[in-house]
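Please walk me through the fold in the model below, in short questions and answers.

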Amino acid sequence: MTRHISLSVNDSPIEMDYFVQGFIDHTVFGMVSSLEGIYDISTIELGIKGDDVSLSVNNNSVPLKDFVAAIVGSTVRGMVSALKGVEKAETIQIGIQR
């Protein structure tokens, strides 16, 4: 299903095995697809810097309310912080192409 997934933390690419790629893909895709007005997702770009969360779907910026940004940011930080080689995730970039 996933053609390509990329993850960088603090501007450094993170290598992922098949399980981690699938877990991040399904978790991020699930959160994004639950947002109102989001359909037919082919690309997702998610960026987190501090408390700021930016989201682009199919190359279109998606505005996020504070509550949604907080949940997405906390969930992604929790997933990424558990990965080998990640100490303190100050910035996170996830790209998914389906």
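The turns below cover a predicted model, from its sheet to its helices and core.

Q: In what order do the 6 strands of the open sheet stand?
A: The sheet is open and the pairing is antiparallel. Strand 2 (12–13) and strand 5 (60–61) stand at the edges. The order is 2-1-6-3-4-5.

Q: Why is one side of strand 2 and of strand 5 left without a neighbour in the sheet?
A: Strand 2 and strand 5 stand at the edges of the sheet. One side of each is left without a neighbour because each has a single partner strand.

Q: How many bridges join strand 3 to strand 6?
A: Strand 3 covers residues 43–49 and strand 6 covers residues 91–97. The two run antiparallel. Within this pair, Ile48 stands opposite Ile92, and Lys49 stands opposite Thr91. The number of bridges is 7.

Q: Which residue of strand 6 stands opposite His4?
A: Strand 1 and strand 6 run antiparallel, joined by 6 bridges. In strand 6, the residue opposite His4 is Gln97.

Q: Which residue takes a positive phi in the hairpin of strand 3 and strand 4?
A: Strand 3 and strand 4 pair in the antiparallel sense over 6 bridges. Lys49 stands opposite Asp52 in strand 4. The hairpin has 2 residues between the strands. The positive phi, near 65°, belongs to Gly50.

Q: At what angle do the axes of helix 1 and helix 2 cross, roughly?
A: Two packed helices are described by the angle between their axes and the distance between the axes. Here the axes of helix 1 (residues 18–33) and helix 2 (residues 66–81) come within 11 Å. They cross at roughly 175°. An angle over 145 degrees counts as roughly antiparallel, so helix 1 is roughly antiparallel to helix 2.

Q: How many charged residues are in the contact of helix 1 with helix 2?
A: Helix 1 brings Phe23, Ile24, Thr27, Val28 and Met31. They meet Val72, Thr75, Val76 and Met79 in helix 2. These residues divide into 7 nonpolar and 2 polar, with no charged.

Q: What angle does helix 2 make with strand 3?
A: Helix 1 lies across strand 1, strand 3, strand 4 and strand 6, at about 90° to strand 6. Helix 2 also packs on the sheet, touching strand 1, strand 3, strand 4 and strand 6. Its direction and that of strand 3 make about 85°.

Q: Which residues touch the most other members of the largest nonpolar core?
A: This core has 32 residues. Helix 1, helix 2 and strand 6 are among the elements that give it two or more residues. One member, Val28, touches residues including Ile44, Leu46, Val76 and Ile94. Those that touch the most other members are Leu7, Ile24, Val28, Leu55, Val76 and Ile94.

Q: Is Ala70 buried, partly exposed or exposed?
A: Ala70 is found in helix 2. The relative accessible area of Ala70 is 42%. Exposed means over 50% and buried under 20%, so Ala70 is partly exposed.

How values were computed. Residues numbered from 1 in each chain as written. Predicted model: local features only at pLDDT ≥ 70, side-chain atom pairs only at ≥ 80, totals over all residues. Heavy atoms only, no water. Axes fitted to C-alpha atoms, helices over the stretch in contact; angles between N-to-C directions. Helix = DSSP H or I, 4+ residues; strand = E, 2+ residues; numbered from the N terminus. Parallel < 35°, antiparallel > 145°, perpendicular 65-115°, else oblique. Contact = heavy atoms within 4.5 Å. Nonpolar A, V, L, I, M, F, W, Y, C, P; charged D, E, K, R; others polar. Core = buried A, V, L, I, M, F, W, Y, C linked by side-chain atoms within 4.5 Å. Buried < 20%, exposed > 50% of the residue type's maximum accessible area, 1.4 Å probe, protein only. Pairing = 2+ DSSP bridges. Lists of a residue's contacts leave out its neighbours within four places in sequence.
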